[in-house]
Amino acid sequence: MVTEEKVSEVLLSCLEPPDISAIDRSFQSLYKSHFITTPNDSCKLTKLGAFVSSLGIDLALGALIGLGIQMGVGAEAIQMAAVISFPKSPWVMSNPLVHPT
């Protein structure tokens, strides 16, 4: 259920609230990434922001996938996001068929 409470009010009412400057930087970052419409509490999610939030993955990877779909290269963008999300470079990861453990 979505409420009409302001994000800042909710965060500042936590047991250990974040610094207000950190909240403002987060709004700026989300706005620059085109996930919200304005860099403040009165913002709304953009289509890209709603799509990425529904994926439940890293915001940058979600943006890569969302923009890839918009440009008609969705499958390639998903593959790239999967490779980028590896903890190690896929070229450095050892293969048990080549390198015994």
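Predicted model: local features only at pLDDT ≥ 70, side-chain atom pairs only at ≥ 80, totals over all residues.
Of its 101 residues, 18% count as buried. The accessible surface amounts to about 7800 Å², and carbon and sulfur atoms contribute 64% of this area. Among the contacts with a separation of 6 or more, 11% join residues 24 or more positions apart.

When residues up to four places away in sequence are set aside, Ser8 touches Ile23, Phe27 and Asp41.

Helix α3 comprises residues 47-55, and its buried residues are Leu48, Gly49 and Val52. These three residues lie on the same side of α3, because they cover an arc of only 95 degrees around the axis. In an α-helix there are 3.6 residues a turn, so residues three or four places apart point the same way. The face of α3 turned away from the buried side carries Lys47 and Ser54, both of which are exposed. The cover over the buried residues of α3 includes α4. After α3 comes Gly56, which has a positive phi, near 75 degrees.

Helix α5, residues 74-84, has buried residues at Gly74, Ala77 and Ala81. Viewed down the axis of α5, its buried residues fall within an arc of 60 degrees and therefore line one face of the helix. The element against which these buried residues pack is α4.

The loop between α4 (59-70) and α5 (74-84) holds Val73. With a relative accessibility of 37%, Val73 counts as partly exposed, since this class lies between the limits of 20% for buried and 50% for exposed residues. Together with Leu67 and Met71, Val73 forms a nonpolar patch on the surface. The accessible area of the three residues together is about 280 Å².

Notes: Residues numbered from 1 in each chain as written. Heavy atoms only, no water. Patch = residues over 30% accessible without salt bridge, like charges linked within 9 Å, V, L, I, M, F, W, Y side chains within 5 Å. Areas by Shrake-Rupley, 256 points an atom, 1.4 Å probe, with all protein chains shown as cover. Salt bridge = Lys/Arg side-chain N within 4 Å of Asp/Glu carboxyl O. Helix = DSSP H or I, 4+ residues; strand = E, 2+ residues; numbered from the N terminus. Buried < 20%, exposed > 50% of the residue type's maximum accessible area, 1.4 Å probe, protein only. Contact = heavy atoms within 4.5 Å. Arc of directions from axis to C-beta.
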